[in-house]
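Please consult the sequence and the model below while reading.

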Amino acid sequence: ATCRSSEVGLLHAKTSECSSYKVTMQGMEPIDCLTSLPADPQPADLASRLTCVQQTAAWWKEFNATATRQAESCDQASTAYAEKKRTCDSAQTTYEVTFCTYRSELTAACSQYTSC
């Protein structure tokens, strides 16, 4: 029971971390200046285009850092959950096999006792 309780906690952590990452990636919107750039810029537009490029570079740098951090957190939480699940599954299998063996031995012992 303790193992499965820990597993559930890690599943919640995984779900939370990976959901945050997904929301960030789904909410990725270009910054405002990109939507207003003319397709055929004139010489007078070049300064504002350069400013937009600089703003975009800063935005991508920040977005990349956030997305990378969240991806790493999601991966770490997923790995921790998977490892705990394997551990709990193995412990449960051992318990079930041991219990079935115990029951068989107990049933056999009781059968011998009633026949004596």
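## Architecture

From the N terminus on, the elements of the chain follow the order α-α-α. In total the secondary structure comprises 3 helices and 0 strands, where helices (H or I, at least four residues) and strands (E, at least two) are DSSP runs numbered from the N terminus. The model is predicted: local features need pLDDT of at least 70, side-chain atom pairs count only at pLDDT 80 or more, and totals for chains, interfaces and linings use all residues. Residues are numbered from 1 along each chain as its sequence is written, and side-chain values use heavy atoms, with hydrogens and water left out.

## Overall dimensions

Along its principal axes, the C-alpha trace spans about 110 × 20 × 15 Å. The radius of gyration of the chain is 29 Å, whereas a compact globule of 116 residues would have one near 13 Å; the radius is taken over C-alpha atoms, and the globule rule is 2.2 Å times the number of residues to the power 0.38.

The chain exposes about 8800 Å², of which carbon and sulfur atoms supply 59%; accessible areas come from the Shrake-Rupley method with a 1.4 Å probe, and for residues only the protein chains shown count as cover. Of the 116 residues, 13% count as buried (buried means under 20% relative accessible area, exposed over 50%, partly exposed in between, with a 1.4 Å probe and protein chains only).

Helix H1 covers residues 2–26, and its 25 residues reach 36 Å from the first C-alpha to the last, close to the 36 Å expected (1.5 Å times one less than the number of residues). Its buried residues are Glu7, Cys18 and Thr24. Ser16 also lies in H1 and counts as partly exposed, because its relative accessibility is 43%. The C-alpha atoms of Ser16 and Cys74 are 8.3 Å apart, although 58 residues separate them along the chain.

Gln70 is located in helix H3 and is buried because its relative accessible area is 18%. Not counting residues up to four places away in sequence, Gln70 touches Ser20, Tyr21 and Thr24; contact means heavy atoms within 4.5 Å. Among contacts between residues at least 6 apart in sequence, 79% join residues at least 24 apart.

## A nonpolar surface patch

Tyr95, Phe99, Tyr102 and Leu106 form a nonpolar patch on the surface, with about 450 Å² of accessible area together. Leu106 belongs to helix H3, which covers residues 46–115, and is partly exposed because its relative accessible area is 40%. Patches are made of residues with over 30% relative accessible area and no salt bridge, like charges being joined within 9 Å and nonpolar side chains (Val, Leu, Ile, Met, Phe, Trp, Tyr) within 5 Å. A salt bridge is a side-chain nitrogen of Lys or Arg within 4 Å of a carboxyl oxygen of Asp or Glu.
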